Amino acid sequence: MTETLVPALDPATGRPGLSRLSDDDLELLLLIRHFELKLLQLYGRGELNGTTHTCLGQEYVPVALRTLLGPADFVFSNHRGHGHYLARFGDAHGLLAEIMGREGAVCGGVGGSQHIHRDRYLSTGVQGESLPVAAGVALHLRRTDPGALACVYIGDGTWGEGAVYEALNLAALWRLPLLVVVENNGIAQSTPTAAQMAGTVAGRAAAFGVDHHLVVSGDVNEIRAGLEPLVARVREGRPLAAEFVTHRLGPHSKGDDTRPPEAVRAAAENDWYARYAQDHPEHFHRFDGPARALVEGVADEVAARPPSRWSPCA
Amino acid sequence: MRVAENLNAALHGLLDDDPTAYVLGEDVLDPYGGAFKITKGLSTRFPDRVITTPISEGALTGVAAGLALTGNTAVAEIMFGDFAALAFDQLCNFAAKSVSMYGSRLPLRMIVRCPTGGGRGYGPTHSQSLQKHFIGMPGLALYEMSPFHDNREVFAAMVERGEPCLFFEDKILYTRPMGQADPLFTVRRDGELAVVDPALPEPAARPDCVIVAPGGTAHRALGAMRSLLLEEEISCRLLVPSRLYPLEVGALLPYLGEVVLVAEESTAGGTWGGEVAHLVHQRAWDRLRGPVRLVHSAASVIPTAAHLEREVLITESAIHRAVREALRD
Ligand SMILES: Cc1ncc(C[n+]2csc(CCOP(=O)(O)OP(=O)(O)O)c2C)c(N)n1
Ligand SMILES: [Mg+2]
């Protein structure tokens, strides 16, 4: 079988096919996919407390960034962060235990789906809040760990928060190694981007003299090749907003999808999962079943654990 | 030494002793040295660790939290404490939460300085005492500057706590001397608590009234104590805790009498005094002659014109009156 890095045109859609992934990337993509599907299933069965936001359809964003980030880099994630966490640590057990409040939870079950801290990784559930904190971390890194960067994931809707602009201003002004990854999935909860954003992310970045890079591809290899030189510049103190045009396959959280069916269908048509299965069936099927089985096993094992323990410490 | 000088020296000392310490805020660089000149000389001596910021209270507080998160000691100055409102999210939802919401304790050495209070004619949005809005947040401690507490010591205590601290500095104190010079009274320290008693040859075993006041109100309480003593032979004791929240009420208990009053500059409603009263009632109700009395500013905006401002803010004579009323009942 011949596989090329240069994507071939898909005769059905007229768009380029996806290039062949490394086994590691494919495994990780599938792990995140099946992890998220499992969560929705567990919620459906009433086995999880509270809420969660899955990154179905957006898994390739943190997977593409995985090899561009190193252990010295600080990652700030948001409410839709399972993919970010798994791409960094691959630790499905710890994450599921955190979400289910079981022993072995990354944060004792206190933080849950959207408040996780581990080494140089931190997520929090208030939109925009992490940008100024990341600016502070970037300031520290520039001084003590030259070459390291702070990476913050935010959505399109989060550009409604003033904290984003205060931080962009600081990042440009102080030449901070700050990488803002924008997952523009065209919607914020129920509100389409067009109904909440005047202008564009690019225009807003430009206003601060912050570089902007638009990623429309869903091809991990292609995304990486495009981003690599730009991320290297971030490390030298040139902040960047990398905007991914992406698609939220599932509901905002659980069972709260009010989008018209065409919009959901359009998202599904862009799904890397189906596209990759079509473009690389052998590769896909070699890993898909095992990833599903692995997540099944993780879920069974974690669900059987005793509840996590914690005593209020503040 | 004036309080402002003591505070400035404390910041110098902190930057001197702790190579990870940063000071950041608006207009903090020399030669300006901050709106109240508290950061004077710092940027000249420590150009890398004294950082001037844009007018972005939310972001500068977030940056301080980011520095603390990566193991530094961060001191942020909010030019007027009123603007801490713009940093509320960073304080409440990020800094205070992060100490414990990730399952195990995440120490953050972070101090947010808030020049506070009225009496200088700055008007309704530059004169408030916002302490009460930050009370009761797990992971956030509140301290108040006082003439009886060396600021270097207080800073050390805040850093030692390993959680975000708000430091309220009553602006009126900046130009006042440290300690107190009135020979009528003596000050002693019991841990973090300052205890001020009449300097009588044979002090009464129990003062007639005990006034609890944060640092910024202490001199007004002392003024009232002086006139009460001289004009009416009423002896009062003043207790000034350095940490307002969480309040170590156990430290106050040995010094309380039958009549207790809390004096503070906050406007009425949901005050710190209400919290103090509740704690004292829980621990000492049967020793009290009546409920703890609260004296504070009126339920009003704080006007600019001096004669109007005086009508709203807590004064020495309001404390004097309140003590007399408490003793009459
Ligand atoms: C300050 C704040 N306001 C509102 C919310 C509730 N909320 C959670 S996610 C979300 C939508 C975020 O949209 P976007 O930034 O586009 O990210 P996406 O969910 O699409 O990944 C909202 C409104 C919040 N978490 N924080
Ligand atoms: Mg969105």
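Where is the place of His149(B) in chain B? His149(B) sits in the loop between strand 5 (141–144) and helix 5 (151–161) of chain B; helices (H or I, at least four residues) and strands (E, at least two) are DSSP runs, numbered from the N terminus. This is a predicted model, in which local features need pLDDT of at least 70, side-chain atom pairs count only at pLDDT 80 or more, and totals for chains, interfaces and linings use all residues. Residues are numbered from 1 along each chain as its sequence is written, chains are lettered from A and ligands numbered from 1 in written order, and side-chain values use heavy atoms, without hydrogens and water.

**View 1. Surroundings of His149(B).** His149(B) is buried, at 2% relative accessible area (buried: under 20%, 1.4 Å probe, protein chains only). A polar atom of its side chain lies 2.7 Å from the backbone oxygen of Glu192(B). Residues that His149(B) touches include Asn6(B), Met178(B), Arg189(B) and Pro241(B) (heavy atoms within 4.5 Å).

View 2. Asp156(A) and Asn185(A) are both buried.

**View 3. Interface of chain A and chain B.** The two chains bury about 2,400 Å² between them, 69% of it on carbon and sulfur atoms (accessible area lost on being put together, 1.4 Å probe, summed over both). The contact takes 29 residues from chain A and 31 residues from chain B.

Notes. Buried < 20%, exposed > 50% of the residue type's maximum accessible area, 1.4 Å probe, protein only. Polar contact = N/O pair within 3.5 Å; in protein donor to acceptor, adjacent residues only side chain to side chain. Lists of a residue's contacts leave out its neighbours within four places in sequence.
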